[in-house]
Structures are given as C-alpha cells and as structure tokens.
Amino acid sequence: MTLSVDSPKPGLAALEARLRQDLAWLELPAKRWMPARTIDGQSVLDVAIIGGGMAGMAASAALNHVGIDAPIFDRAPEGYEGPWATTARMETLRSPKQLTGPALGLPALTFRAWFEAQFGAEAWEALDKIPRLQWMDYLRWYRRVLGLDIRNQHQVQAVRPRADGVVQLDIASPAGSQTVLARRVVLATGRDGLGGAYVPAFAHKLPRHRWAHSSDTTDYAALAGKRVGVIGAGASAMDSAATALEAGAASVDLLIRRDDIPRVNKGKGSGNAGLVHGHLSLPDEWKWRIRHYINMQQVPPPRGSTLRVSRHPNARFNLSCPILDVAMVGDEIHVTTPKGVFVLDFLVFSTGFRIDWTVRPEFAALAPHVRAWGDRYTPAAGQEDQELTDSPDLGAAFELQEKTPGCCPGLDRVHCFSYPAALTHGTVSGDIPAISDGAKRLAQGMAGLFYREDVETHYANMQAYAEPEVFGDEWIPAEGVQEPVQ
C-alpha cells in the first residue's frame, strides 16, 4: 500500500497543532540551563551529534527536551539522511506498524498519528507494513515539527577528544572547512557507523566492478540480462535479489551456507520492557549469552521480502551452499560450492557489517584507544563471537571508555548511540522498537554528567538567585506579647 504526502493535508495541520499543545502542556522543550562556554573566543556546543537518521534525530529531540542544545551534522542532502531513500531496498519495514518508534512518549508524534491524520483510520487498519519511502516521509515531518537543527552536507572528517574538556570536529561543508568544538559528541552513525560493510577475503579475487555489497549504492538497472549471485539469506539478501530480478536480471542464485533459512526471530521473542530497561544492569555473562544466542540463531528475512523473490521463476534458493572459491574465468565469475560451480556475471555480498574503527579515517584519533568487550571479557567456550568481541565497552550514558586509562583524555566525551551499543545497552540505539527509551537514557545520562561537571557553577547560581516570592507586605509584625482580649 503506497500513499503520497506531496502536499500537507488538513488533518496534518490539526495534528501539528495538537503536538504543539502537548509540548506546551508538558513544558517541552525544557528551558536551557547549560552554562555558555567559549575557548579562545570560539563558542563551544553543548552536544554535537554526527548522523541525522532516526537515531540522531531521536537523540537530538530527547536532549532538547531536557534543555540541552544538540545540533546534528549529516553528510547527506536534506531529506536523505539514513538509508531509507538511498541504499535501502525493502518495499516495507520489518517492524510492526504500531510500534511508536522515535515518538518519545508523545502520541501526536507517532507514525500512526501522522498516517491517520492524512489518510484516516480505515486506511490505517488496511495497512499491513509501513512502506519504506513513507517512513522517510514521516522522518522528514518529524524533523520539521520538532524544529531540529540538522546541518546537511556536513562531512565530519575527524573527531578529536581534547584534554581541555571538549571534542574537536573537523568538518567539510559547502561553505568550506570548519572546526567545531563540543563538550560532548554523539555518534549516531547507523548500522555500519563504527566500521563498514563486511565482505569475505575471497571477494578481492574479483574485479571491483563485478561485485557489490548490499549496502552499496549500486545501479541495479545495469544488471538487466545478467546472471547474478547473492550471498546470504537475510533481509538485505532478499531485498538485493528482488531488486535485481525486478530490474530484469536473467537469473538470481541465492547462495546460502545454512541448511535452511531461519524461521523464527528470537530477538522479537525477547522484546519486553524488562529487557529494555534491565539489559544494561545484567551481569556480563548474561549480556553476552543473550546477544550471542540472537546472533547465532540469526534474524529471518521478512516473509514479504522472501515472497518478493520467490515469485520470480528465475530465482533459485541454493541451500547448504557455502562458498569454497571464486575466480574469474575469461569474462565470467566462477563460484565453487559443494553443489557445483555457479557461472555468474555479478555477485552481491549480503554479508553484514563489521566493527572496525580503523577503516573510518574520521575516527583515527579514537581507534587505538577505544576499549572493546574483547579487551576485558573472555566468553565461555562455544560462545565466541567476533561481533561481540569487537563491540565497544560503554558506560551508562553510552560513553566510550579507554583501553588504557589516561592514554586518550576526553575519550569518554564521545558517546556511541548506534547499533554497536547493543551488547552493553541492549537494542535501544539502532532499531525502531526501543529507540525512544534509548534516546531518553542517553539524554538523561548526559544531563547528569554535565550537571556533575558544572556543579560549582550551578551551586553559585543557586546562591546568587534572588527572585523573591514573598515581598514583606503580606503581614504586620507583632509588637510584643499582647494581653488576651477579654
């Protein structure tokens, strides 16, 4: 089901008025309370957020609600933040439509409210899943109605913690190079935000123009008439395969190492308020056990995405088909598997992402110093997991911690509010279901850190506060003991 929001609908104006009233009743955003700070004449931001997708916007809104300014710097053009209108290829979101997402507890800010205001309750009941591009439209509206400060086409080239209590961002924008100082920085950089796409080593046996990762901005129209292989069986594999088929690929072979495609989403089965609020305080062993189990079981591809592939007669699901070798033979790609050699023209790797600070030049100053779980925790035999080993070991407010104390002063002023925080905090920083809970945790935690740092200033402000509430004309002083009236 696809609906358009090219022009504002009368119902949307009424919803926006209700949202303004709700915010006013709740006195949101809170009044600003952070002391202004400058260094060498340059103003210092309270918080700078890198990344203007769903997580970055939720974080900025939550910080604004507790009285902290938090502008966002995003490399994309306005309206194209995040993957939804760029590299994502699913027809609809996986998440159930009724999840409240980044609404921060405000009913009028939910996708459902936005949808029903334009298309009505009957259309909502008829809606199965949220169309991907419509979700992007909702996020654009979210940005507008909350008045979020997003500075587009700002590419952060370096994040440099300093010993003087600020983090320096070197930024390139259409206006030129600039340096921004912030007391704290939030990395809301998405699924691949602390590394990049993972491809197995054998990919590099092939010319780069003959393969792509599923997260690449690939021209799928160029695959018309081609024999395409897709490695993987997750959501991105199905979306990539379907996009290639719809673009006119001659055939698509899904090369799946497992004997079967996962059927049950174990993460969904664990989702409840107890886990959302309790994961952070679990013992390390339980955190690791839960996340490792979900990783090993894997998340099944959405049923709709799988049917989108299987309705094409030239799609083939090849199970028990791990890759043994790849080679160029003439102008063809030969992929050797236990089920034979597949002869292909193009290969798509739907092989996920890997945390690797070293592949992100903007994090060069952080990379040697960030403490990962693998630096301090050894899992039980049989629970080894590279993703978890590489995950950053975060503090209670998502702050990075030093591998060797004292080697990178200010590192804990950088906060990871993206998917790799899941081992420490649970899935509250990258996915729709609990993103509001995570954003509030981040904002409240940062507010506490700021207050502790500035407690002398706030104490002095309290002492200097002199707005009277009683003026002395409310009573007449007695002149001494009076005889009782007889």
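R112 has a relative accessibility of 38% and counts as partly exposed. Relative accessible area is here divided into buried (under 20%), exposed (over 50%) and partly exposed (in between), with a 1.4 Å probe and protein chains only. The structure is a predicted model, in which local features need pLDDT of at least 70 and side-chain atom pairs count only at pLDDT 80 or more, whereas totals for chains, interfaces and linings use all residues. Residues are numbered from 1 along each chain as its sequence is written, and side-chain values use heavy atoms, with hydrogens and water left out.

The chain comprises 14 helices and 19 strands; helices (H or I, at least four residues) and strands (E, at least two) are DSSP runs numbered from the N terminus. Its C-alpha trace spans about 115 × 60 × 50 Å along the principal axes. Of the 486 residues, 48% are buried. Among contacts (heavy atoms within 4.5 Å) with a separation of 6 or more, 72% are made by residues 24 or more positions apart.

Side chains of opposite charge can pair when their charged atoms come close. A salt bridge is defined as a side-chain nitrogen of Lys or Arg within 4 Å of a carboxyl oxygen of Asp or Glu, and the structure holds 30 of them. One of these joins E125 to R112, with the closest N and O atoms 4.0 Å apart. This pair links distant parts of the chain, as E125 belongs to helix α4 (residues 121–126) and R112 to helix α3 (residues 111–119), 13 residues apart. E125 is exposed, at 57% relative accessible area.

A salt bridge between D22 and R18 has its closest N and O atoms at 3.7 Å. Both residues lie in helix α1 (residues 10–25), four residues or about one turn of the helix apart. D22 is buried at 14% relative accessibility, while R18 is partly exposed at 46%.

R413 and E453 form a further salt bridge, with a closest N and O separation of 3.4 Å. This pair also links distant parts of the chain: R413 is in the loop between α11 (386–390) and β19 (414–416), E453 is in helix α13 (residues 435–453), and 40 residues separate the two. R413 is buried, with a relative accessible area of 13%, and E453 is partly exposed at 32%. Salt bridges with shared partners connect E91, D239, E246, R308 and R311 in one network.

D46, in strand β3 (residues 45–50), presents a contrasting case. Apart from neighbours within four places in sequence, D46 contacts M34, I68, D69, A182, R183, R184 and F450.

In helix α10 (residues 303–310), the residues S305, T306, R308 and V309 are buried. They cover an arc of only 155° around the axis and therefore lie on the same side of α10, the arc being that of the directions from the helix axis to the C-beta atoms. Elements covering the buried residues of α10 include α6 (235–246), β12 (251–255) and β13 (315–318).

Strands β6 (residues 155–161) and β7 (residues 167–173) run antiparallel and are joined by six bridges, where pairing requires that DSSP find at least two bridges between two strands. V156 stands opposite I171 in β7. The β6 and β7 hairpin has five residues between its strands, and G165 there adopts a positive phi near 90°.

A disulfide is a covalent bond between the sulfur atoms of two cysteines. With the criterion of a pair of cysteine sulfur atoms within 2.5 Å, the count is zero. The sulfur of C407 lies 8.5 Å from the closest cysteine sulfur, that of C408, which is too far for a bond. C407 is partly exposed at 44% relative accessibility, whereas C321 is buried at 1% relative accessible area. C321 is located in the loop between β13 and β14 (325–329). Residues up to four places away in sequence aside, C321 touches L255, I256, R257, T337, P338, K339 and F342. Between C321 and H334 there are 13 residues of sequence separation and 14 Å in space, C-alpha to C-alpha.
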